[in-house]
Amino acid sequence: MINYEKILSQKVKEIKPSGIRKFFDIAEEMDDVISLGVGEPDFPTPWHIRSEGIRSLEKGKTRYTSNHGLIKMRQEISNLLDRKYGVSYSPETEILVTVGGSEAIDGAIRALVSPGDEVIIPQPSYVCYEPITLLAGGVPVIIETKVENEFRITPEELKAAITPKTKALILPYPCNPTGAVMRKKDLEAIAEVLKDTNIIVISDEIYSELTFGGEKHTCFASVEGMRERTVVVNGFSKAYSMTGWRMGYACGPAPILNQITKIHQYAIMCAPTTSQYAAIEALKNGDADIERMAAEYDMRRRIIVDGFNRIGLTCREPLGAFYAFPSIASTGMSSEEFCEKLLYSKKVAIVPGTAFGRGGEGFVRASYCYSVEHIRTAIERIEEFLKEIK
């Protein structure tokens, strides 16, 4: 009989499953659950984008594309970044189309990190950065961002984390789960710390189109001196409500992109052809869709933040992405305990802050990419829960 404990990779066995999926999977098996747990837009992909995907199938465009992706798509990505952020990339050598932003992150970390290299990761942040670093043989160096700094990484924290072994810095802004953003002046301060180092930045900008409060998103590569040391990761899931299409991209200096592309060639070959044709339409004609959905998220954002504060769970204003990150410290419960009891007693699914790193203890993540009715019902049930546990 096979002893699977002996044959499975020890490195993989030591990695914990996603804390997000745990509560989602429990909620899936229960009736009448209100879930604010998953960061997936509730809008359908806009019709003009879907129709381009359908048209590509009708025309029989179902063959492999270049490993890099369709040249037309790479040209449109280049046009978008130049138009919105004033940063230019060569479609031929500096842009790679990937299977979602997640593949771009994985490829960038694996292309950069050798065993023993250190990767600085601000937390709370998206769940994949630390496990991928470990799988690459790297050493995660965690900066626990603080609520008093609005969960932004500071130049002082970055300086303290840098060692001779530091290879890369993850910049996950706008941030899942905190909703934190780094404004241009914040990024310039980070750039000042990095300018005389050999540290490469992986800037995960998947929520770049969802920023609130007046100032638009600043692409880190557009900050003076940072283009040569930055891999920009972005995608279509959040801005265009295209989660299932699995479309993302990486942009950066050709020497780095060449190595990411090698990994992509052997692991993936090319991103889905149908999805690429749909994404071209999104890039060319999707600005109005982004504005419409962002305005709706902004309205929901105000409702959920006001709701949490009204019922006694202090919640700072999130200025990016579509998550609220209220404090549950006043309940005396751990984040995990709070979420479990809430789910089983009131059938509301939210995610413990600790799913995003130790610094998330005392907080929970609630997504507001759900309907207003959905959000208000969830707040009402959480209020009932708080009254019962007093």
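Modeller: Before we start, contact here means heavy atoms within 4.5 Å. Also keep in mind that this is a predicted model.

Colleague: Okay, which residues does Tyr297 touch, not counting residues up to four places away in sequence?

Modeller: Tyr297 touches Pro41, Phe43, Leu210, Phe212, Phe322, Tyr368 and Cys369. Tyr297 also belongs to the largest nonpolar core, which has 41 residues. Along with Ile304, Phe308, Phe338, Ile350 and Ile382, Tyr297 touches the most other members of that core.

Colleague: Which elements give two or more residues to this core?

Modeller: They are the helices α12 (287-310), α13 (335-346) and α14 (372-389), plus the strands β9 (323-324) and β12 (364-367). There's a second, separate core too, with 29 residues, including Ile95 and Tyr240.

Colleague: Let's move to Arg74. Is Arg74 buried or exposed?

Modeller: The general idea is that a residue under 20% relative accessible area is called buried. Arg74 is at 7% relative accessibility, so Arg74 counts as buried. You'll find Arg74 in helix α5 (residues 71-85). Leaving aside neighbours within four places in sequence, Arg74 is in contact with Ser66, His68, Gly69, Pro91, Glu92, Ile95 and Val97.

Colleague: And how do I read a pair of strands?

Modeller: In a regular strand the side chains alternate between the two faces of the sheet. Here, β3 (residues 118-123) and β4 (residues 139-144) run parallel, joined by six bridges.

Colleague: Through which helix does the chain cross from β3 to β4?

Modeller: The chain goes through helix α7 (residues 129-135), and this β-α-β crossover is right-handed.

Key:
Residues are numbered from 1 along each chain as its sequence is written. This is a predicted model: local features need pLDDT of at least 70, side-chain atom pairs count only at pLDDT 80 or more; totals for chains, interfaces and linings use all residues. Side-chain values use heavy atoms; hydrogens and water are left out. A nonpolar core is a set of buried Ala, Val, Leu, Ile, Met, Phe, Trp, Tyr and Cys residues joined through side-chain atoms within 4.5 Å. Buried means under 20% relative accessible area, exposed over 50%, partly exposed in between (1.4 Å probe, protein chains only). Helices (H or I, at least four residues) and strands (E, at least two) are DSSP runs, numbered from the N terminus. Two strands pair if DSSP finds at least two bridges between them. A crossover is right-handed if, with the strands pointing away from the viewer, the path from the first strand over the helix to the second runs clockwise.
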